[in-house]
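Please look at the sequence and the model first, then read the points below.

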Amino acid sequence: MPFEWIKQALDKRAQDNLLRSRRPVWRDRQSRLHFGGDSYLDFSSNDYLGMSQHPQVIRAAQDALERYGVGSGGSAMVTGYNVELQKLESYLADWLGFDRCILFGSGFAANTGVLETLMADKQGLLIQDKLNHASLIDGGLHCQAKSVRFKHNDIQSLEARLKMAGSAKMVVSEGIFSMDGDDAPLEDLSRLCKDYNSALMVDDAHGFGVLGEQGKGSVAKAGLTNNDVDIYMATFGKAVGTSGAFVCASDDVCEYLLQFCRHYTYSTAMPPALVAATFASLEALKDEQWRRDKLSENITYFKQRQCELGLGDSGSSSAIQPILIGDSAKALSIGDSLRNQGIWLGAIRPPTVPKGSARLRVTLSCLHSDKDIDHLFNQLEPLL
């Protein structure tokens with residue numbers, strides 16, 4: 001029988017408490033999660049600013065649906081480059097201070113496409129943070145350049161890698177790391193890259209919209225510009241509340257991606273209604289500072305309650321607040337128990353995180369209240 005090894009692999013994953021499952025859920029205007037007729041307090045969504053339910057964003061999508069229909073109709077290089085896409089690309093490049101911007105259907109496609117396309121020189125060297133997202137790691141595996149990693153947020157480790165031979169060097173880091181929630185030392189990374197004539201790419205999926213003036217992201221918060229960061233990638237599926245991703249860079253880099261990036265050329269362009277909703281969300285989140293302020297207050301209160309419970313400081317000052325459990329089975333059990341109490345909080349297990357570091361990955365939103373956070377800790381305390 002073909003693929004006999006598949007059942008063995010699935011059985012092994014189940015035995016190790018690493019089997020993943022999907023649940024058909026839906027979220028309401030209050031960002032509560034619904035599943036199987038029950039309602040849950042959601043501590044797992046990346047919708048940090050509640051923008052996915054913003055009336056202005058919903059109206060923009062509805063208006064664009066009436067005007068353009070549902071799909072984009074093709075690749076951006078054929079007929080899919082709608083006027084809404086052009087408008088958003090120009091807006092992002094101008095707002096963030098880069099020469100140019102390109103939209104991608106997902107952050108995974110953007111990251112893997114950029115690395116595979118730009119690091120095609122076999123003599124080149126791609127250097128990534130040890131804890132970079134899977135999309136970046138996969139991009140490194142697919143590129144022709146030699147790919148190495150440096151110790152997480154360790155500048156000395158990075159410098160040792162930069163001293164290795166390579167005619168084309170690129171350093172890649174996340175702005176806010178997706179599993180630990182900590183931030184990268186972007187100023188130090190930029191300085192070191194300049195010293196060694198290396199390009200720097202920042203994946204700011206979890207910082208864009210939340211950090212910096214008007215939500216411009218981690219790079220802006222660090223006081224850096226396009227003179228300090230060569231490639232800036234961020235997604236719309238987190239703080240912006242929609243879907244898709246963008247890459248900002250120089251004119252030459254963006255043109256090269258347009259001409260040679262297969263992920264871009266051979267993918268259907270983002271639907272114009274989704275792009276219109278994204279534009280509306282960016283306009284709103286720029287002006288509605290209260291959302292970032294409230295999220296910051298919730299992060300501070302969560303960390304206070306975390307310390308009161310004796311869990312210590314996770315080291316994260318972002319909306320991502322991991323509670324380390326260690327054992328995968330225990331993390332699953334706690335997640336199930338919380339769900340029975342009306343709290344949706346997933347367990348993150350290997351291979352997403354290193355073996356022995358299973359955790360509850362709490363994600364906070366501006367829509368959470370102190371009462372919500374208190375309820376989480378009151379239910380969590382007897383389970384630890």
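D47 is buried, with a relative accessible area of 6%; buried means under 20%, exposed over 50% and partly exposed in between, taken with a 1.4 Å probe on protein chains only. The model is predicted, so local features need pLDDT of at least 70 and side-chain atom pairs count only at pLDDT 80 or more, while totals for chains, interfaces and linings use all residues. Residues are numbered from 1 along each chain as its sequence is written, and side-chain values use heavy atoms, leaving out hydrogens and water.

**Around D47**

- D47 sits in the loop between β3 (38–42) and α2 (55–68); helices (H or I, at least four residues) and strands (E, at least two) are DSSP runs, numbered from the N terminus.
- Residues touched by D47 include R27, S31, K238 and S365, not counting residues up to four places away in sequence; contact means heavy atoms within 4.5 Å.

**The nonpolar core**

- The largest nonpolar core has 103 residues, of which L92, L103, F208, Y232 and F246 touch the most other members.
- Helix α3 (residues 83–96) supplies the largest share of this core, 7 residues.
- Such a core is a set of buried Ala, Val, Leu, Ile, Met, Phe, Trp, Tyr and Cys residues joined through side-chain atoms within 4.5 Å.
- F246 touches L92, L103, F208 and Y232, among others, not counting residues up to four places away in sequence.

**The sheet**

- An open sheet of 7 strands runs in the order β4-β10-β9-β8-β7-β5-β6, with mixed pairing; two strands pair if DSSP finds at least two bridges between them.
- β4 (100–104) and β6 (146–150) stand at the edges with a single partner strand each, so one side of each has no neighbour in the sheet.
- From one strand to the next, the twist averages 20°.
- β7 (residues 169–174) and β8 (residues 199–203) pair in the parallel sense over 5 bridges, and M170 has A199 in β8 as its bridge partner.

**Helices**

- Helix α5 (residues 134–142) packs on the sheet, touching β5 (125–129), β6, β7 and β8, and its direction makes about 160° with that of β5; axes are lines fitted to C-alpha atoms, for helices over the stretch in contact, and angles run from 0 to 180 degrees between N-to-C directions.
- Helix α6 (residues 155–162) lies across β5, β6 and β7, at about 160° to β6.
- In helix α11, 13 of the 16 residues are buried, so α11 is largely enclosed by the rest of the structure.
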